[in-house]
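This briefing goes through one protein chain by topic.

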Amino acid sequence: MRVLVGGGTGFIGTALSQLLNARGHEVTLVSRQPGPGRITWDELAASGLPSCDAAVNLAGENILNPLRRSAWALKLIPTRAQGGECTTDENLWNETFQKEVLRSRLETTQLLAKAITKAPQPPKAWVLVTGVAYYQPSLTAEYDEDSPGGDFDFFSNLVTKWEAAARLPGDSTRQVVVRSGVVLGRGGGAIGHMLLPFRLGLGGPIGSGHQFFPWIHIGDLAGILTHALEANHVHGVLNGVAPSSATNAEFAQALGAALGHRAFIPVPSTIVQAVFGRERAIMLLEGQKVIPRRTLATGYQYSFPELGAALKEIVA
């Protein structure tokens, strides 16, 4: 099978490409930079969809990139001492980064969807990765793929617009949306920012620690995407999370145990808000209990269903 992967040079795309290649599929990446086995987004817009059997879109600006905010704070925000008006980087997030987050997801998705629609021989499958931010944070609710959501804050509305941008007319191409949880794996993702403090014995739960932490091992996210591409009966929304749920405190305890350290020093919510801003901090300070009911019903078998084993594999 020939698979076109938008945004395939990142953490998830690399894992997916490796798995697809290992299973005998041919992968072409869509990226901003040209290179072997790649086309650029500009080439896609100008020339249309290359011949392929399936397409996936993983493209999107990293929402929880703390460096973006600190760079703004240092370079772009005038202070009263500098004689400028005191502008909060919270407002700058609202006005600048939100637009970039929207553009990086919606425009690439729209471009691929339009190219698929216009293709003389459209691919058999079209898979989009979004997020569990679709579901409203709660300490008590449990969400599966049929649960309502998508209409209560910036991030939930983003997922709604994102998934709408991918929708194709007709049924000639099978369409799948995977709503991913926090992706855990070696060499990238959330773990990359956590390992150092935990190795130093400084890790711990974020905020209260009671919030749910919907997670998935990178190998299983790549596995679900490959399953969605290969299995003709898979369609609609799948939750890309592990079948065993955990709270943030349980995640911190499991990561500490995997590293041989106690994880008891909490990260106060005020620190998280200072680093990410109040709106983005919600993604860390609040969470959802998400169940992959339809994912399991399709027959996908998880390699890392339990958090402890997943983390031990990652930090080994």
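The side chain of His25 reaches the backbone nitrogen of Met1 at 3.4 Å. This is a predicted model, and the protein chain in it has 12 helices and 11 strands. Of its 316 residues, 50% are buried.

**Overall make-up**
- The protein chain exposes about 15000 Å², and carbon and sulfur atoms supply 53% of that area.
- Among contacts with a separation of 6 or more, 80% are between residues 24 or more positions apart.

- His25 sits in the loop between helix 1 (11–22) and strand 2 (26–31).
- With a relative accessible area of 14%, His25 is buried, because the cut-off for buried is under 20%.
- Apart from its neighbours within four places in sequence, His25 is in contact with Met1, Leu20 and Glu230.
- One of these partners, Glu230, also forms a salt bridge with Arg23, with the closest N and O atoms 2.8 Å apart.
- That pair links distant parts of the chain, since Glu230 is in helix 7 (residues 218–230) and Arg23 is in the loop between helix 1 and strand 2, 207 residues apart.
- Glu230 is partly exposed, at 30% relative accessibility.

- In soluble globular proteins, nonpolar side chains tend to be buried together.
- The largest nonpolar core here has 33 residues, and the members that touch the most others are Leu4, Leu44, Leu49, Leu112 and Trp126.
- At least two residues of this core come from each of helix 2 (41–47), helix 4 (89–118), strand 5 (125–131) and helix 5 (154–166).
- Helix 5 contributes the most to this core, with 7 residues.
- A second, separate core has 29 residues, including Val5, Val27, Ala222 and Ile224.
- Leu44, one of the residues in the largest core that touch the most other members, is in contact with Val30, Ile39, Leu49, Pro50, Leu111, Leu112 and Ala115, leaving aside its neighbours within four places in sequence.

**Other salt bridges**
- The whole structure contains 7 salt bridges.
- Arg2 pairs with Asp53 in a salt bridge, the closest N and O atoms being 3.3 Å apart.
- This pair also links distant parts of the chain: Arg2 is in strand 1 (residues 2–6), and Asp53, 51 residues apart from it, is in the loop between helix 2 and strand 4 (54–57).
- Arg2 counts as partly exposed at 32% relative accessibility, and Asp53 counts as partly exposed at 21%.
- Arg293 and Asp144 meet through their side chains in a salt bridge, at 2.8 Å from N to O.
- Arg293 lies in helix 11 (residues 293–297) and Asp144 in the loop between strand 6 (142–143) and helix 5, so that the pair links distant parts of the chain, 149 residues apart, and Arg293 is partly exposed at 36% relative accessibility.

**Surface patch**
- Leu196, Leu200, Leu202, Phe264 and Ile265 form a nonpolar patch on the surface, and together they have about 510 Å² of accessible area.
- Leu200 is in the loop between helix 6 (189–199) and strand 9 (215–217).
- Leu200 is exposed, because its relative accessible area is 55% and the cut-off for exposed is over 50%.

**Two further residues**
- Gly188 lies in the loop between strand 8 (182–185) and helix 6, and at 14% relative accessibility it counts as buried.
- The C-alpha atoms of Gly188 and Gly10 are separated by 8.8 Å, although the two residues are 178 residues apart along the chain.
- Ala297 is in helix 11 and is exposed, with a relative accessible area of 65%.
- Ala297 and Leu238 are 59 residues apart along the chain, and their C-alpha atoms are separated by 9.8 Å.

Technical notes: Residues numbered from 1 in each chain as written. Predicted model: local features only at pLDDT ≥ 70, side-chain atom pairs only at ≥ 80, totals over all residues. Heavy atoms only, no water. Patch = residues over 30% accessible without salt bridge, like charges linked within 9 Å, V, L, I, M, F, W, Y side chains within 5 Å. Areas by Shrake-Rupley, 256 points an atom, 1.4 Å probe, with all protein chains shown as cover. Salt bridge = Lys/Arg side-chain N within 4 Å of Asp/Glu carboxyl O. Helix = DSSP H or I, 4+ residues; strand = E, 2+ residues; numbered from the N terminus. Buried < 20%, exposed > 50% of the residue type's maximum accessible area, 1.4 Å probe, protein only. Polar contact = N/O pair within 3.5 Å; in protein donor to acceptor, adjacent residues only side chain to side chain. Contact = heavy atoms within 4.5 Å. Core = buried A, V, L, I, M, F, W, Y, C linked by side-chain atoms within 4.5 Å.
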